[in-house]
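Open the structure in your viewer and keep the selection tool at hand. Each stop below gives something to select and then says what is there.

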Amino acid sequence: MLKRREFLKSAVFSSAALTLPIGSFAKELKDDPVLNEAFIRVNGIITANGKPLENVVVSDGETVTSSDKYGKYEFLTNNRFVFISIPAGYIIPNNDSGTALFYKEIDYRKRISFYLFELEKSIDDTEHSFVVFADPQTLDEDDLHKFHSETIPDLKKTLAEQNIQNAFGISVGNIMYNNLELYPEYEKAVQKTGIPFFQVFGNHDAEVKTQTDEQSEKTFTDYFGPTYYSFNRGEVHYVVLDDIFWFGTYMGYLNQRQLDWLKRDLSFVKEGTPVVIFMHIPPFTTQYIRYENEKPSDKVRLVNKELLYELLEPFKPLLICGHTHESEYIKDGKMDIHVCGAVCGAWWTGPVCHDGTPNGHSIYKVNGKNFSWQYKSTAMPIDHQFSMYTPGSELNDSDELIVNVWGFGEEWKVEWLEDNKPMGKMENRTA
């Protein structure tokens, strides 16, 4: 009797196995009480403007393959979704709710399931943009009202004023604050932006009453599909990961199944390609240093980050996260990490995050392999990038000029002027 992993290896990755008649599979499944006839054959065609599309990556979260010259794909699965890695140069399909549609839910009432993915060619997307919503974290109707009446109009205004083209949005987790029945209100909000939105699973998007990681994702996947997947724009490969390990509480962790999938996904990506990873919990932050803790909590870091870093080594990675309600633009070894300020600020009770970053969102512009970014404070001009506290003012009882530059990166130099006269470089402090 084949063990489950041996079965997967022989059945999914062997071309001979893929040509066996379905009766042979049924016998094999029937003989194994563990499998219990759980596997089915999934196949389909990927088209673009009505014609077959070759070399589109297709997956179920374990198997990763690509369409042939006829646009066809085929594999065995016992997972919930089949999904594609939307290729560069094609429009991101949308659900009616405005969220990205790159997946199909598998119907297990059938022993063979056929799934058609139809794509449409877009204009050249070598230049494109994306908007990052970190931690909308709406708890109730009051929070949602602010999200609808403040965040969304502000983003729409920015998209128009800055003439931002070829854009998509992504919410990097904690879309809700445990009240998951409010997801439809989030969908109504992002639909108003006019750009497709992807979603990342956050700790407050989990089913809080469950004690297992698998069950914690049920409601999120009902609305948004898989918790990890990839897509492409221009010369960039984008990957969404689920780094929330839930067991009644949570920590930052990537399981082996997901790491194996990522390795297979990246095998279709040319070395040296920019790879942007979106996930909720940062792999690393300096928050614990600023809080004078001996070491970072497992709730605010990826405990097995080295395994992720190893997979990203051949590429040009940028990791974009949320979770801490602070802004950080740091390096961890060779890894560039952006921790984005929160949409909700102090959970909609105040207009700033822990570190003084105003509530808002991040805007990234991509030209080929080059990235630029800017933080956009809600209801403020786009050039609002720092707060200044003069000596002796209400919030500064020292004799020094203090400036909080929330978009500060490690390579930046901050200088100050008095009466338009350069006064030199400011001292960078942690406080």
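**Stop 1: a pair in one helix**

Select glutamate 185 and lysine 188, whose side chains meet in a salt bridge with an N to O distance of 3.1 Å. A salt bridge here is a side-chain nitrogen of Lys or Arg within 4 Å of a carboxyl oxygen of Asp or Glu. Both residues belong to helix H5 (residues 183–191), and because they are three residues apart there, about one helical turn separates them. Helices (H or I, at least four residues) and strands (E, at least two) are DSSP runs, numbered from the N terminus. Glutamate 185 is partly exposed, with a relative accessible area of 23%, and lysine 188 is partly exposed at 45%. The words for exposure have cut-offs: buried is under 20% relative accessible area, exposed is over 50%, and partly exposed is in between (1.4 Å probe, protein chains only).

Before moving on, note that this is a predicted model, in which local features need pLDDT of at least 70 and side-chain atom pairs count only at pLDDT 80 or more, while totals for chains, interfaces and linings use all residues. Residues are numbered from 1 along each chain as its sequence is written, and side-chain values use heavy atoms, with hydrogens and water left out.

**Stop 2: other salt bridges**

Side chains of opposite charge can pair when their charged atoms come close. The count for this model is 19 salt bridges. Select arginine 80 and glutamate 105, where the closest N and O atoms are 2.9 Å apart. Arginine 80 lies in the loop between strand S5 (72–77) and S6, and glutamate 105 in strand S7 (residues 103–105), so the pair ties together parts that are 25 residues apart in sequence.

**Stop 3**

Rolling a probe the size of a water molecule over the atoms shows where empty space is left. Select Val57, Val58, Ser59, Phe83, Ile84, Ser85, Ser230, Trp261 and Asp265, the lining of the second largest cavity. Strand S3 (57–59), strand S6 (81–84) and helix H8 (256–266) each give two or more residues to this lining. S3 gives the most, with three residues. A cavity is a set of points on a 1 Å grid over the protein atoms alone where a 1.4 Å probe fits but cannot get out, and lining residues have an atom within 4 Å of a point.

Now select glycine 61, in the loop between S3 and strand S4 (64–66). Glycine 61 is buried, at 2% relative accessibility. Leaving aside neighbours within four places in sequence, glycine 61 is in contact (heavy atoms within 4.5 Å) with Phe83, Tyr228, Arg257 and Trp261.

**Stop 4: cysteines**

How many disulfides are there? The count is zero, a disulfide being a pair of cysteine sulfur atoms within 2.5 Å. Select cysteine 340 and cysteine 321: the sulfur of cysteine 321 is the closest cysteine sulfur to that of cysteine 340, but at 7.7 Å it is too far for a bond. Cysteine 340 is buried, at 1% relative accessibility. Finish with cysteine 353, whose nearest cysteine sulfur, that of cysteine 344, is 7.1 Å away. Cysteine 353 is buried too, with a relative accessible area of 5%.

Methods: 1 Å grid on protein atoms, 1.4 Å probe; cavity = no way out; pocket = protein on both sides within 12 Å on 5 of 7 lines; lining within 4 Å.
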